[in-house]
Amino acid sequence: MTAAGAAAQVAAVSVPATSANLGPGYDCLGLALEVRDHYRAEVEFGPAAVGGPDVVVTVLGQGADGSVGAGADNLVARSLLRGLAAWAAPEVARLRLTCHNRVPHGRGLGSSSAAIVGGLTLAAHLAPIDVADAEVLALASEIEGHPDNVAPAVLGGFTVSWTEAGVGQALRLTPHPEIAAVIAVPEASLSTAEARDLLPEEVPLAEAVHNLSRSALLTQALTSCPEHLLAATEDLLHQPRRASAYVASHALMSILRMDRHAAVISGAGPTVLLLTTADADAVAVEVAEYTGPQWSVQVVPFALEGARVEDAAAGLTR
């Protein structure tokens with residue numbers, strides 16, 4: 001209870017994993033994948049103590065080893081508080097947050113975007129005003145620094161994102177129903193910052209034109225012309241330049257592409273994403289033949305729905 005005697009407000013949401021870039025679409029194309037983080041918040045509104053709200057975070061699953069903050073430094077908590085402040089909520093006195101993280105961390109599957117979008121979606125649900133998806137996307141893009149991962153986390157499906165006048169925006173498209181996704185996730189992790197540091201400020205014009213053409217083709221291949229997926233996922237811009245950061249992943253991707261599979265590095269890596277119209281289970285078996293026990297290979301459905309409000313009374317399980 002707060003000093004005013006008001007009960008805590010409770011909300012729960014789930015947010016999908018995401019895969020950005022998809023080969024040529026650096027910082028602008030993304031897919032939502034049906035692996036979800038679940039977050040539940042109990043918020044008491046009222047005057048905060050000196051130093052800010054009382055924040056306690058319980059982490060289950062990914063990050064439960066202490067690698068994810070359990071206080072006000074937690075990214076979900078920070079995003080939640082920022083969203084409440086942006087959307088006219090009263091001051092927060094106390095926050096109790098439970099995060100059941102299923103999206104692998106540091107693997108190029110949008111774990112930080114899931115945390116940001118999850119916190120903001122909780123805030124939007126608890127705010128005293130109506131908050132549109134576009135507002136969640138804009139603030140998530142500001143926090144993340146670019147919209148390619150947060151866009152599919154908010155909207156689901158396949159997204160084309162851009163920034164206009166400093167504001168992140170996106171168009172949602174529906175993936176072709178015959179396309180399936182297979183992911184190969186290694187034990188090794190890689191930070192997005194480390195991967196970005198390997199890229200130059202300028203690239204040759206021919207490489208830029210190549211990626212522009214393939215990105216345009218990919219919007220059609222993923223939605224209506226899947227027979228062009230292999231050509232549409234060719235990249236010259238970032239994957240070759242970051243190969244030294246994920247040697248095994250780049251080798252796996254290259255082998256799969258030689259086998260005529262539309263394989264790419266997911267986001268900043270090191271997960272490999274494969275898009276196929278063949279029997280996905282059979283393709284997963286083929287991928288597993290090239291990997292060892294240090295890899296997890298699985299078929300993952302597309303998440304056609306982005307962040308969504310869940311039943312707060314249901315609780316979160318380990």
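Colleague: Which residue does Asp54 form a salt bridge with?

Modeller: Asp54 pairs with Arg96, and the closest N and O atoms are 2.7 Å apart. A salt bridge here is a side-chain nitrogen of Lys or Arg within 4 Å of a carboxyl oxygen of Asp or Glu. This is a predicted model, so local features need pLDDT of at least 70 and side-chain atom pairs count only at pLDDT 80 or more, while totals for chains, interfaces and linings use all residues. Residues are numbered from 1 along each chain as its sequence is written, and side-chain values use heavy atoms, with hydrogens and water left out.

Colleague: Where in the chain do Asp54 and Arg96 sit?

Modeller: Asp54 is in strand β3 (residues 54-61) and Arg96 is in strand β4 (residues 92-101), so the pair links distant parts of the chain, 42 residues apart. Helices (H or I, at least four residues) and strands (E, at least two) are DSSP runs, numbered from the N terminus.

Colleague: How many salt bridges does the count come to?

Modeller: The count is 10 salt bridges. Among them, Arg36 pairs with Glu34, with the closest N and O atoms 2.5 Å apart. Arg36 is buried at 5%, whereas Glu34 is partly exposed at 32%. There is also a network linking Glu305, Arg308 and Glu310.

Colleague: What about Arg241, which residue does its side chain meet?

Modeller: Glu207, in a salt bridge of 2.8 Å, N to O. Arg241 is in the loop between α7 (229-232) and α8 (247-258), and Glu207 is in helix α6 (residues 205-221), 34 residues apart. Arg241 is partly exposed at 25%, and Glu207 is buried at 19%.

Colleague: Switching to helix α9, which of its residues are buried?

Modeller: In α9 (residues 280-289), they are Ala280, Val283, Ala284 and Val287. Seen down the axis, these buried residues fall within an arc of 105 degrees, so they line one face of the helix; the arc is that of the directions from the helix axis to the C-beta atoms. On the other side, Asp281, Val285 and Glu289 are exposed.

Colleague: What do the buried residues of α9 pack against?

Modeller: They pack against β7 (180-186), α8, β9 (272-276) and β10 (295-300). Contact means heavy atoms within 4.5 Å.

Colleague: And which residue caps the N-terminal end of α9?

Modeller: Asp279 does, with a side-chain oxygen 3.0 Å from the backbone nitrogen of Asp281.

Colleague: New topic: where is Ser161, and is it buried or exposed?

Modeller: Ser161 is in strand β5 (residues 158-164) and is buried, at 5% relative accessible area. Leaving out residues up to four places away in sequence, Ser161 touches Asp27, Cys28, Pro147, Asp148, Ala151, Gln169 and Ala170.

Colleague: Last one, where is Pro104, and what does it touch?

Modeller: Pro104 is in the loop between β4 and α2. With residues up to four places away in sequence not counted, Pro104 touches Gln62, Leu109, Ser111 and Val185. Pro104 and Glu187 are 83 residues apart in sequence and 9.7 Å apart in space, C-alpha to C-alpha.

Note on methods
Buried < 20%, exposed > 50% of the residue type's maximum accessible area, 1.4 Å probe, protein only. Polar contact = N/O pair within 3.5 Å; in protein donor to acceptor, adjacent residues only side chain to side chain.
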